[in-house]
Amino acid sequence: MMDKNMKSILKWGFESPPPVRKEEFLYHAPFQRMRIHTFFWTQAGYIRKWIWVFSIFLFFAALIGCFILKKDILWEVSAFM
């Protein structure tokens, strides 16, 4: 267990400095608009492939289940999804 003096020294040593001219930087920073489909494709790249595969499998399993099982099960599948 570290003593309080060591903790305060480490906190002081790794403390970030206050921002300088933050508003000026944000005002002059280049800002590019992005179309919604470009945004979605960019974000889709961050989702792991096995998550995509699992989601597609789950969707089609639910879709097939809706046709094979009783019609009342559609409400339960919809609630689950």
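**Basis and confidence**

This is a predicted model, in which local features need pLDDT of at least 70, side-chain atom pairs count only at pLDDT 80 or more, and totals for chains, interfaces and linings use all residues. Residues are numbered from 1 along each chain as its sequence is written, and side-chain values use heavy atoms, with hydrogens and water left out. The mean pLDDT of the chain is 83; pLDDT is the predictor's confidence in each residue, from 0 to 100. A value of 70 or more is reached by 95% of the residues. Where pLDDT is low, the predicted coordinates should not be read in detail.

**Overall form**

The chain has 5 helices and 0 strands. Helices (H or I, at least four residues) and strands (E, at least two) are DSSP runs, numbered from the N terminus. The order of elements from the N terminus is α-α-α-α-α. The radius of gyration is 26 Å, whereas a compact globule of 81 residues would have one near 12 Å. That radius is taken over C-alpha atoms, and the globule rule is 2.2 Å times the number of residues to the power 0.38. Along the principal axes, the C-alpha atoms fill a box of roughly 65 × 45 × 25 Å.

Of the 81 residues, 6% count as buried. Buried means under 20% relative accessible area, exposed over 50%, and partly exposed in between (1.4 Å probe, protein chains only). The chain exposes about 8900 Å², of which carbon and sulfur atoms supply 69%. The areas come from the Shrake-Rupley method with a 1.4 Å probe.

**Helix α4**

The 20 residues of helix α4 (residues 49–68) should span 28 Å at 1.5 Å a residue, and the end C-alpha atoms are 28 Å apart, which agrees. The expected span is 1.5 Å times one less than the number of residues. The buried residues of α4 are A62, G65 and C66. They cover an arc of only 105° around the axis, so they lie on the same side of α4. The arc is that of the directions from the helix axis to the C-beta atoms. On the other side of α4, the exposed residues are K49, W50, V53, F57, F67 and I68. C66 and I56 are 10 residues apart in sequence and 15 Å apart in space, C-alpha to C-alpha.

**Aromatic residues and a loop residue**

The structure holds 2 aromatic pairs. One of them joins F59 and F60 edge-to-face, with 5.4 Å centre to centre and 70° between the planes. Rings of Phe, Tyr and Trp (its six-membered ring) pair if their centres lie within 6.5 Å; planes under 30 degrees apart count as stacked, over 60 as edge-to-face and the rest as tilted. F39 lies in helix α3. F39 and F59 are 20 residues apart in sequence and 23 Å apart in space, C-alpha to C-alpha.

R21 is found in the loop between α1 (4–13) and α2 (22–28). Phi of R21 is near 55°, a positive value in a residue other than glycine.

The table lists relative accessible areas for residues discussed above.

| Residue | Relative accessible area | Class |
|---|---|---|
| C66 | 16% | buried |
| F39 | 37% | partly exposed |
| F59 | 44% | partly exposed |
| F60 | 45% | partly exposed |
| R21 | 60% | exposed |
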